[in-house]
Amino acid sequence: MKDINRLHTQALEMIKPIVAEIENKTFYQTAKVLEAFRSAQVCQHHLNGTNGYGYGDIGREALEHVFATLFGAEAALVRPQFVSGTHAIATALFAILRPGDTILFATGKPYDTLEKVIGFKNEPGSLRDWGINYRQIDLSSDDKIDIFTLQKLLEEDKSIRVVAFQRSRGYAWRKSLLQPDLTEAFALTKKIRPDVVIFVDNCYGELVEGFEPTQYGADLVAGSLIKNLGGGLAPTGGYIAGNKDLVNLAAERLTVPGTEGELGATGDFLRSTFHGLYLAPRMVAEALIGAIYAAALFSLAGFEVSPTIEEPRSDIIQAIKLNSAENMKAFCRGIQRFSPIDSHLTPEPWVMPGYDVPVIMAGGTFIAGSTAELSADGPLVPPYIIYFQGGLNRHHIFLAVQNALAEIIARN
Ligand SMILES: *Cc1c(COP(=O)(O)O)cnc(C)c1O
């Protein structure tokens with residue numbers, strides 16, 4: 001433990017300048033969120049939800065106004081009826097694409113849960129099952145968007161209707177895609193095919209960089225409310241933001257044609273979702289500081305980390321190469337023991353439906369499955385990488401990460 005105290009002091013010293021940068025950014029993000037609240041004139045009675053059909057839900061309208069403003073977008077759809085981020089993304093894609101169209105993913109293989117939405121194995125009900133084609137451009141060897149291939153495909157394949165980008169590095173050992181990379185690819189796409197829809201899977205990226213993709217050229221973004229923008233308080237749900245006609249299509253795909261998104265009761269969703277969004281810049285900063293601390297502590301202890309502490313980040317994920325299945329289990333035990341909920345449980349690897357390999361997960365959260373709160377997971381396969389994200393309080397993250405390292409050291 002003495003060793004860990006020494007590493008802790010060193011790690012805090014190492015991350016000081018980066019923490020200062022994050023605080024500067026958070027100041028700016030907080031101003032942006034307050035401005036969005038002000039522009040919608042949010043008041044007490046917007047915090048109470050509706051039941052039944054949810055007609056005339058002024059709180060829902062105010063919340064969607066706040067999101068649209070924050071995203072620099074014409075419109076937003078922010079609903080508890082989205083069961084997950086994947087659902088919000090799928091709703092957007094099914095809303096825009098028609099049989100014979102092609103969706104082109106320009107940032108490599110999309111997030112795992114989207115494989116079944118796209119229909120990699122022609123799953124019933126998938127985009128592919130509806131006659132929508134899928135193409136993919138892998139990232140180049142230096143983890144950049146391959147814009148030469150993007151240009152070529154856009155010129156050749158007139159069936160391309162959506163070009164999709166994933167902002168977060170996701171659960172992969174690669175460099176983050178940053179705002180300048182995306183800006184360039186968006187501009188190129190619009191230059192060649194102004195009619196194409198630029199869609200961004202925005203999960204884990206919200207409020208990390210200075211701007212949201214809709215502010216630098218994306219037509220539509222979607223994400224989860226139990227990640228960054230929920231601030232740890234939103235109880236469920238997802239969002240879509242972007243051009244008004246596209247958001248309307250998505251609203252009518254989520255609900256029914258002819259209703260223009262005017263239905264959908266909010267129950268007790270509004271107060272905590274407004275509150276969570278208000279806190280989100282602070283919570284994202286805590287998660288980032290925790291991730292950078294973990295990168296510092298584990299690299300001091302001799303492990304390879306990605307991103308490194310200096311590398312620019314566009315999401316809140318930290319990957320650590322732990323080199324053995326036993327280390328992964330020890331890491332997860334350490335995180336779990338320092339969770340506010342379920343601290344007495346021991347994470348065990350299991351083969352989840354839809355996966356081929358055992359996965360281990362740690363997380364004891366107030367909102368079930370929330371990754372705005374501290375959580376860690378990874379597949380138990382070489383090189384044994386644990387992905388670690390979230391946390392609403394840096395001191396909790398520091399303690400949990402220290403304990404994860406202590407579990408690993410005790411084992412060796
Ligand atoms: C989390 C995530 C999703 C899916 O969100 P769920 O809420 O888990 O369905 C999609 N894409 C990326 C990049 C994500 O990180």
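How far is an oxygen atom of the ligand from an N or O atom in the side chain of Ser84? The separation is 3.4 Å.

1. Ground rules first: this is a predicted model, where local features need pLDDT of at least 70, side-chain atom pairs count only at pLDDT 80 or more, and totals for chains, interfaces and linings use all residues. Residues are numbered from 1 along each chain as its sequence is written, and side-chain values use heavy atoms, with hydrogens and water left out.

2. Back to the ligand. An oxygen atom of the ligand sits 2.5 Å from a side-chain N or O atom of Thr86, and one is 2.8 Å from a polar backbone atom of Gly85. On its own the ligand exposes 370 Å², of which the protein buries 89% (Shrake-Rupley areas, 1.4 Å probe).

3. The residues around the ligand (a heavy atom within 4 Å) include Tyr111, Gln166, Asp201 and Lys227. Helix α3 gives the most to this shell, three residues (helices are DSSP runs of H or I, at least four residues, numbered from the N terminus).

4. α3 covers residues 85-96 and spans 17 Å between its first and last C-alpha, close to the 16 Å expected (1.5 Å times one less than the number of residues). Ser84 caps its N-terminal end, with a side-chain oxygen 3.4 Å from the backbone nitrogen of Thr86.

5. Ten of the twelve α3 residues are buried (under 20% relative accessible area, 1.4 Å probe, protein chains only). Among them are Gly85, Ile89 and Phe94.

Note on methods
Helices (H or I, at least four residues) and strands (E, at least two) are DSSP runs, numbered from the N terminus. Buried means under 20% relative accessible area, exposed over 50%, partly exposed in between (1.4 Å probe, protein chains only). A polar contact is a pair of N or O atoms within 3.5 Å; within protein, one must be able to donate a hydrogen and the other to accept it, and residues adjacent in sequence count only if both atoms are side-chain atoms.
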